Amino acid sequence: MLRIWGRNNSINVQKVMWCVGELGLVHERIDAGREFGQTGEDWYRKMNPNGLVPVIDDRGFVLWESNAIVRYLAATYDEGGRCPSDPKQRGQAGQWMDWATTILAAPMTVAFWQLVRTPEAERDRDAVDKAAEALGKHYAVLNRHLDSRLYMLGERLTMADIPVGAFVHRWYALDVPHPDLPSLRAWYQRLTEREAFQTHVMLPLT
């Protein structure tokens with residue numbers, strides 16, 4: 001059986017669980033990280049020396065880093081579907097998955113931690129405003145990409161949608177300005193109609 005270690009309010013765990021849900025994989029998720037502990041234990045560090053979540057064990061194959069896990073699961077269980085078989089499309093999927101990490105993650109982390117995990121009296125409003133401004137510009141890039149597409153790569157959902165979609169859900173849930181980006185909003189609406197997205201990503205921000 002596929003085992004996943006990680007708490008369900010972690011965006012990186014949510015990426016993996018959304019992928020697992022889309023693929024319909026039999027699995028067990030084990031709470032780990034923050035209030036659940038375990039990530040500092042020796043047995044856990046043998047799986048992931050970074051002590052972070054998520055980690056998976058797929059029939060003895062251990063893997064960490066959420067985007068790597070999504071790529072692995074899609075390639076292993078849905079080659080030609082969630083994982084494009086065409087090398088160029090697979091490259092494009094990886095491009096957008098990495099874009100989510102290299103471009104979206106930093107300002108999203110600032111906004112999320114300040115607005116969700118920092119007491120209101122201690123929040124750095126200037127930092128939030130700067131992060132929100134950056135995010136508006138980044139999501140405008142994504143909006144242009146989605147102008148003529150239903151999903152990140154075209155007509156159907158692939159692994160490219162998963163990391164980006166998880167970040168976009170949090171952005172819309174945060175109390176920050178949301179520019180009018182109709183193609184982005186339409187794509188997000190399509191995601192919200194998917195059962196696996198509802199179950200694993202559309203959770204309260206904590």
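In this predicted model, D58 is in contact with L2, Y72 and Y77, when residues up to four places away in sequence are not counted. D58 lies in strand β3, which spans residues 55–58. With a relative accessibility of 3%, D58 is classed as buried, because the cut-off for that class is under 20% relative accessible area.

Helix α1 covers residues 11–23 and comprises 13 residues. The distance from its first C-alpha to its last is 18 Å, close to the 18 Å expected at 1.5 Å a residue. The helix is mostly covered, with 11 of its 13 residues buried. The buried set in α1 consists of I11, V13, Q14, K15, V16, M17, W18, C19, V20, E22 and L23. Among them are the charged residues K15 and E22, as well as W18 and C19. The residue that follows α1 is G24, which has a positive phi, near 65°.

In sequence, G40 and G51 are separated by 11 residues; in space, their C-alpha atoms are 5.9 Å apart.

How values were computed
Residues numbered from 1 in each chain as written. Predicted model: local features only at pLDDT ≥ 70, side-chain atom pairs only at ≥ 80, totals over all residues. Heavy atoms only, no water. Helix = DSSP H or I, 4+ residues; strand = E, 2+ residues; numbered from the N terminus. Expected span 1.5 Å × (residues − 1). Buried < 20%, exposed > 50% of the residue type's maximum accessible area, 1.4 Å probe, protein only. Contact = heavy atoms within 4.5 Å.
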